[in-house]
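Had a look through the model you sent over.

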Amino acid sequence: LAKTTQPISMDSYEGQEVNITCSHNNIATNDYITWYQQFPSQGPRFIIQGYKTKVTNEVASLFIPADRKSSTLSLPRVSLSDTAVYYCLVGGKVGDNNDMRFGAGTRLTVKP
Amino acid sequence: DSGVTQTPKHLITATGQRVTLRCSPRSGDLSVYWYQQSLDQGLQFLIQYYNGEERAKGNILERFSAQQFPDLHSELNLSSLELGDSALYFCASSPLGGPPSYEQYFGPGTRLTVT
């Protein structure tokens, strides 16, 4: 599984747009990029997944540049309830990427 | 609510003991994944079952084992428990048999404390 690098923490204020960037320089051709959100003592929750360009759903947008060596999760107009840890994962939809670690993730704190 | 259920919610046991954690996947999901989350190791993939068969193995210790039953629920067995096994154990499910990078739905977890 491709190694990913994210900021350890980020602060924001209610109503702002938050962009969390993940670096994955050794992403493979068949790898997808997936983001999860985790609240304390809860299981991670799938947010969004993409392969290239831009993906948008009701919760977030995912921007992936042409070289795919990084990706940016964009959360529009965050609220206090968006305070959580956000994990970026990179892996293929086929094959055996068994050494799957979510890493430390990015701890987002939204302030009033 | 993801639709994945895990029991028990909390478990306290002593070193050397054996425990069984149970997971029921979302209705219709054939894959079950088990994860361990501890403070120093982060969230780590342990093992995956797909429709009753072992599909993928992660960093699962030999003292740990799992199985998936015909009704698709899964059990994770932890034996000869050590203090370092104290962690949150999550189960996740997915409709397909893909690797852990697939979209998964996580349960609420079982918090295991070994004393």
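Predicted model: local features only at pLDDT ≥ 70, side-chain atom pairs only at ≥ 80, totals over all residues.

1. Let's start with B:Gln37. You'll find B:Gln37 in chain B, within strand β4, which covers residues 31–38. B:Gln37 counts as buried because its relative accessibility is 14%, and the cut-off for buried is under 20%.

2. What does the side chain of B:Gln37 pair up with in chain A? One partner is the side chain of A:Gln38, through a polar contact of 2.9 Å. Another is the side chain of A:Tyr87, with a polar contact at 3.5 Å.

3. Leaving out residues up to four places away in sequence, B:Gln37 also touches residues of chain B, among them B:Gly42, B:Leu43, B:Ala87, B:Leu88 and B:Phe90. As for B:Arg111, that residue is 74 residues away along the chain, with 9.5 Å between its C-alpha atom and that of B:Gln37.

4. Over to chain A, where A:Asp82 sits in the loop that links β7 (70–75) and β8 (84–92). Which side chain of opposite charge is nearest to A:Asp82? That would be A:Arg45, 6.3 Å away. A:Asp82 is buried but has no salt bridge, because a salt bridge needs the two charged groups within 4 Å.

5. What does the side chain of A:Asp82 reach? The backbone nitrogen of A:Ser79, at 2.8 Å. Setting aside residues up to four places off in sequence, A:Asp82 touches A:Gln37, A:Leu108 and A:Val110.

Notes
Residues numbered from 1 in each chain as written. Chains lettered and ligands numbered in written order. Heavy atoms only, no water. Helix = DSSP H or I, 4+ residues; strand = E, 2+ residues; numbered from the N terminus. Buried < 20%, exposed > 50% of the residue type's maximum accessible area, 1.4 Å probe, protein only. Contact = heavy atoms within 4.5 Å. Polar contact = N/O pair within 3.5 Å; in protein donor to acceptor, adjacent residues only side chain to side chain. Lys, Arg positive; Asp, Glu negative; His and termini not counted.
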